[in-house]
Amino acid sequence: MAAVLCVGLTTLDVTQRVDEFPDPGQKVRSLGAVLSPGGPAANAARAVAALGGRSALLTSLGADALGEFVRASLDPVQVTAVAGMTPVSMVVVRDADGERTVVSRNALVPVTAPDLTDLLAAADVVLLDGHHEGLVIPVARRAKAAGLPVVLDAGSWKPVLDHLLPLVDVAACSAGFERSEAEVHSYGVPLVIRTHGAKPVTWSRNGSAGELPVPAVEVKDTNGAGDVWHGAYAYALASGADPVAAIGFASEAAAVRVGAVGDWVEELARWQDSRSGSTSC
């Protein structure tokens, strides 16, 4: 079974669905509200589990009711949580096109990595989101030394990336990532990928470059779509896929996410089951 260790941010997401985003000072009635785990690393870990992989998450959670709720909701992901806080993200999704807006406090409490021996021994691929410097840097160093592929979810530039990028094998960047492909390669990253929403995903490696189209889908909810893309990509690598070919699988999984309202984890698991009757990618 393909095994992925996801390291980084976990949040409690409070998601409300609305007809239109409110203007300043305006109150609107939501179409529905959901409490769920969120954050790049946690969403990626949930995607890996839904696709049939062995999913582990190294993160930080508060020793409080919020943290307990999030931990319980992440099952069957194997969660290792160091003491910290449980950030809360307020997410508003526009019903007509799935566009979302997010207000989040993210991770503010410094954390220290636990013993990583068992977590890394059980992993085929490591996926990092750049949050929790005290976790991602030690994991990246140990993974690099052990020869484990290291994938970075590069959503936005963070100071820690100056130290993290030289340890990364694949940097999968969002459209809005503030560094060019050439700049990312200059840190020694062999493969740089950039997603562009509904436009083709671009990639560059060893002087070669290309692009791969993404599936056309009716967009219902974009929240966490990039996280699912990264989780699916890491799962494909852990399953033995070529690093460029894995892009297509990740884009298909992300399309399932943006086309789902409600329990996207269940939708993703059904999609994977329907593809071949197995968990292979």
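**Helix packing, cores and backbone features of the predicted model**

Helix 1 is followed by G52, a residue whose phi is positive, near 105°. Helices here are DSSP runs of H or I with at least four residues, strands are runs of E with at least two, and both are numbered from the N terminus. The structure is a predicted model, in which local features need pLDDT of at least 70 and side-chain atom pairs count only at pLDDT 80 or more, while totals for chains, interfaces and linings use all residues. Residues are numbered from 1 along each chain as its sequence is written, and side-chain values use heavy atoms, with hydrogens and water left out.

Helix 1 is mostly covered, since 11 of its 11 residues are buried, where buried means under 20% relative accessible area, exposed means over 50% and partly exposed lies in between (1.4 Å probe, protein chains only). The buried residues are P40, A41, A42, N43, A44, A45, R46, A47, V48, A49 and A50.

Two packed helices are described by the angle between their axes and the distance between the axes. Helix 1 (residues 40-50) packs against helix 7 (residues 225-238) at an angle of about 50°, and their axes are 7 Å apart; axes are lines fitted to C-alpha atoms, for helices over the stretch in contact, and angles run from 0 to 180 degrees between N-to-C directions. The two helices are therefore oblique to each other, given that angles under 35 degrees count as roughly parallel, over 145 as roughly antiparallel, 65 to 115 as roughly perpendicular and the rest as oblique.

On the side of helix 1 the contact is made by N43, R46, A47 and A50, and on the side of helix 9 by W264, V265, L268, A269 and Q272. These residues divide into 6 nonpolar, 2 polar and 1 charged.

Helix 9 has a further contact, with helix 8 (residues 246-258), where the angle is about 135° and the axes are 9 Å apart. That angle makes helix 8 oblique to helix 9, and the crossing is right-handed. The contact joins F249, E252, A253, V256 and R257 of helix 8 to W264, E267, L268, W271, Q272 and R275 of helix 9. By class, the contact of helix 8 with helix 9 has 6 nonpolar, 1 polar and 4 charged residues.

In soluble globular proteins, nonpolar side chains tend to be buried together. The largest nonpolar core of this model has 50 residues, and those with the most contacts inside it are C6, L57, I193, W229, Y233, I247 and L268; such a core is a set of buried Ala, Val, Leu, Ile, Met, Phe, Trp, Tyr and Cys residues joined through side-chain atoms within 4.5 Å. Helix 7 gives the most to this core, with 9 residues. Not counting residues up to four places away in sequence, Y233 touches V151, V170, L191, I193, P243, A246, I247 and A250. Another core, of 35 residues, lies apart from it and has L119, F177, V189 and V192 among its members.

Most residues other than glycine have a negative phi, and most peptide bonds are trans. H132, which is not a glycine, has a positive phi of about 60° and lies in the loop between strand 8 (125-128) and helix 4 (133-146). N206, also not a glycine, has a positive phi of about 50° and lies in the loop between strand 12 (199-205) and strand 13 (208-212). H132 is buried, with a relative accessible area of 10%, whereas N206 is exposed, with a relative accessible area of 70%.

How values were computed. Contact = heavy atoms within 4.5 Å. Nonpolar A, V, L, I, M, F, W, Y, C, P; charged D, E, K, R; others polar. Left-handed = near helix turned anticlockwise from the far one by under 90°.
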